[in-house]
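Please open the model in your viewer and keep the selection panel at hand. The stops below say what to select next and what is to be found there.

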Amino acid sequence: MDKFVIHGGRILRGTVRVGGSKNAALPMMAASLLLERGQRLLLRSVPDLADTRTMAELLTQLGVHVERDGHRLSLSVRDDRPVIAPYQIVRTMRASICVLGPLLARRGKAQVSLPGGCAIGSRPVDLHLRGLARLKARLTIDHGYIRAHATRLKGATTYLGGSFGSTVTGTGNLLMAATLAHGDTIIEHAAQEPEIQELARLLNAMGARVEGIGGHRLVIHGVDRLYGAEWTVMPDRIEAGTFMAAAAITGGDVTVENVRAEHMIAVLETLRQMGARVEESTFTVRVRGRPGRRLEPVDITTLPYPGFPTDLQAPFMAALTQARDISVITERIYPDRFSHAAELGRMGARITKQESTAIIVGVRRLSGAPVMASDLRGGAGLVLAGLAAKGCTEVRRVYHIQRGYEHLERRLSALGASIRRVADTATPALAAQTA
Ligand code: EPZ
């Protein structure tokens, strides 16, 4: 296991290029399961991350031949008989659930391990199952697996709203399943996230007939087969937002390239309220912090798109520990997604949690400390805190961070940060205890 060693206090300056979106790439990769044998999906700008590698491994087990050439991924179906997504893979990556809809639609059967709980809270899949059941899939759950059958799915009207809004991967699953269903499917209360919009556009490029892209109501006219296609994965708005928060927390001047600013309206507005100067141009956003002046406090509520994304809550919480007054963050997607708050407390942050709200009293300077990442975005938040803290911060369990950020340490170093990745010398016994 590796850790990041960060010496804080450097001001970030320069240009950083954002890669392809993890959360767009994962369901797009799963869409290859909709193809006939011999057909190929070519995806460009696929980030090289632990999660995209895990999806590639799962697809390989499901008969897809996966070839990677840098950020290009070629996926062609060699064998369309396997239907099992095993626990060993699903437990390491919940997005594995994205194979359920396409397997069922194309192969008539799927056996997918139920994802369990995870560090950011309870994450059920009831809406995925409810939607597929409306398409006349027969579903049972036993021995920890979802077992699904359907000779051919049948189009129907489905409703994907839940207590915390719609479901992103649930919409993706149902969308993929409905492309090959008999007749028309309507998804009411569909997730509107840009990653889902892009998935729908890719499916249309493969021969699907999806209408209403970007709205809450998707209409899918089922077709008999889909075809190979080529597609470039959209830029990762969460990675972009993380670099922008890094610029703000260090009072730096960072130009983030390969950004779709229209996907980030809530984030850019929040940065402006925090006192950062934000300049947008085509595919580029420049964020300038205020060297020598503290950030302004803000209130943030995480919401489904186009609201402020839950995946940027932790990086922005890190930045707000440095504000000159009290900020409030309310988490409306994952009420328990605050494990980073206690670790930030070890660095001198003053954060009080009340149910799904965190109250952050800004402090003049954090102090470096050993801390532990317990999930991807929380880990990124701790790295940002380390960039601003006085002295040395060690962030352990960087494998969480590698799930979603490609070479984060190299790219922050190129902007002037002092951050190194080194082997964690904690004894194996201690590492096992904390795993
Ligand atoms: C996606 O997860 C993202 N993952 C998450 O990013 C992101 O945090 C989340 O959407 C919200 O934006 C991928 O795209 C691979 P949901 P997903 O189903 O689809 C509840 C990251 O850091 N819910 O939209 O699993 C659920 O508990 C990751 O990159 C149900 O109640 O999220 C949550 O409160 C972490 N029943 C809310 O809905 C269901 O059947 C939204 O979850 C499904 C979800």
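**The interface, then the ligand**

Begin where domain 1 and domain 2 meet: across their interface, 6 residue pairs, both members at pLDDT 80 or more, are in polar contact, a term that stands for a pair of N or O atoms within 3.5 Å, where within protein one must be able to donate a hydrogen and the other to accept it, and residues adjacent in sequence count only if both atoms are side-chain atoms. This is a predicted model, in which local features need pLDDT of at least 70 and side-chain atom pairs count only at pLDDT 80 or more, while totals for chains, interfaces and linings use all residues. Residues are numbered from 1 along each chain as its sequence is written, and side-chain values use heavy atoms, with hydrogens and water left out.

To colour the two parts, select 2–14 + 262–274 + 293–434 as domain 1 and 22–232 as domain 2, bounds that come from an automatic or database domain assignment. Their centres, taken over C-alpha atoms, are 31 Å apart, and the contact (heavy atoms within 4.5 Å) takes 19 residues from domain 1 and 20 residues from domain 2.

Next, select Arg 403 and Asp 51, which form a salt bridge with their closest N and O atoms 2.8 Å apart; the count between the two domains is 1 salt bridge, defined as a side-chain nitrogen of Lys or Arg within 4 Å of a carboxyl oxygen of Asp or Glu.

A polar backbone atom of Ile 333 lies 2.6 Å from a ligand oxygen atom, whereas for Lys 22 a polar side-chain atom is 2.9 Å from an oxygen atom of the ligand. Finish at Arg 337, where a side-chain N or O atom is 3.3 Å from a ligand oxygen atom.
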